[in-house]
Amino acid sequence: IYDENHFVTVVNYIFLLLTSGKHEQAMTMLGKYDQLYGKNEYMLALKAMLYALNGDKENALNLFPEGHSYNYFIYAALQMNDKALDYLDKLLSSQWLNAEVSRYIELNTNPLLENLRSDPRFQETLAKHKEMYEENLKKYDDIDI
């Protein structure tokens, strides 16, 4: 359910629009919520992602907040695969891997990561998260945490 008054819902909806290729709608939503929520790190990261997906490397790199979890998507959209994989590796080896949270489904299906999938480093990361996903399925049945 989309709730325009709930920040996380708004962020996830805009992210979904971007990953679905609905850039015009995402731009409209970003404009609307930029006024409501200001220039916080999520709105900046989503705007940077939009620039990256539209091929505007300069604005994308100037906008995104350092250390944000969306940065690997931005690098991937800009075809900066080494940076995307390095950043993804940092995230996975720190916060995500230590939390035992599988990103298998996201890594395996998100269209923004398509150009990374053939890289052996990405395949290694995907394999780790598939293993974590399968372990979580055994522990928690159908809940992926």
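1. A residue is called buried when its relative accessible area is under 20%, exposed when it is over 50%, and partly exposed in between, as judged with a 1.4 Å probe and the protein chains only. By that rule Q79, at 56% relative accessibility, counts as exposed. The residue sits in the loop between α5 (71-77) and α6 (81-98), where helices (H or I, at least four residues) and strands (E, at least two) are DSSP runs numbered from the N terminus. Most residues other than glycine have a negative phi. Q79, which is not glycine, has instead a positive phi, near 65 degrees.

2. A word on the basis of these remarks: this is a predicted model, in which local features need pLDDT of at least 70 and side-chain atom pairs count only at pLDDT 80 or more, while totals for chains, interfaces and linings use all residues. Residues are numbered from 1 along each chain as its sequence is written, and side-chain values use heavy atoms, with hydrogens and water left out.

3. Taken as a whole, the chain has eight helices and zero strands, and 40% of its 145 residues are buried. The chain exposes about 8,300 Å², of which carbon and sulfur atoms supply 50%; accessible areas come from the Shrake-Rupley method with a 1.4 Å probe, and for residues only the protein chains shown count as cover.

4. Two packed helices are described by the angle between their axes and the distance between the axes. Axes here are lines fitted to C-alpha atoms, for helices over the stretch in contact, and angles run from 0 to 180 degrees between N-to-C directions. For helix α1 (residues 7-19) and helix α2 (residues 23-37), the axes come within 8 Å and cross at roughly 155 degrees. The two helices are therefore roughly antiparallel, a label for angles over 145 degrees, with under 35 counted as roughly parallel, 65 to 115 as roughly perpendicular and the rest as oblique.

5. On the α1 side of this pair, F7, V10, Y13, I14, L17 and L18 meet residues of α2 that include M29, L30 and Y33. The residues of this contact divide into 11 nonpolar, two polar and no charged, where Ala, Val, Leu, Ile, Met, Phe, Trp, Tyr, Cys and Pro count as nonpolar, Asp, Glu, Lys and Arg as charged, and the others, Gly among them, as polar.

6. Helix α2 also packs against helix α3 (residues 41-53), at an angle of about 155 degrees and with the axes 10 Å apart, and α2 and α3 are therefore roughly antiparallel to each other. In this contact H23, M27, L30, Y33, D34 and Y37 of α2 meet M43, L46, K47, L50 and L53 of α3. By class, the contact has eight nonpolar, one polar and two charged residues.

7. Leaving aside neighbours within four places in sequence, L116 is in contact with A76, N81, A84, L85 and F122. L116 and L85 are 31 residues apart in sequence, yet 7.7 Å apart in space, C-alpha to C-alpha.

8. H129 lies in helix α8 and is buried, with a relative accessible area of 1%. The C-alpha atoms of H129 and Y104 are separated by 4.8 Å, although the two are 25 residues apart along the chain.

Methods:
Contact = heavy atoms within 4.5 Å.
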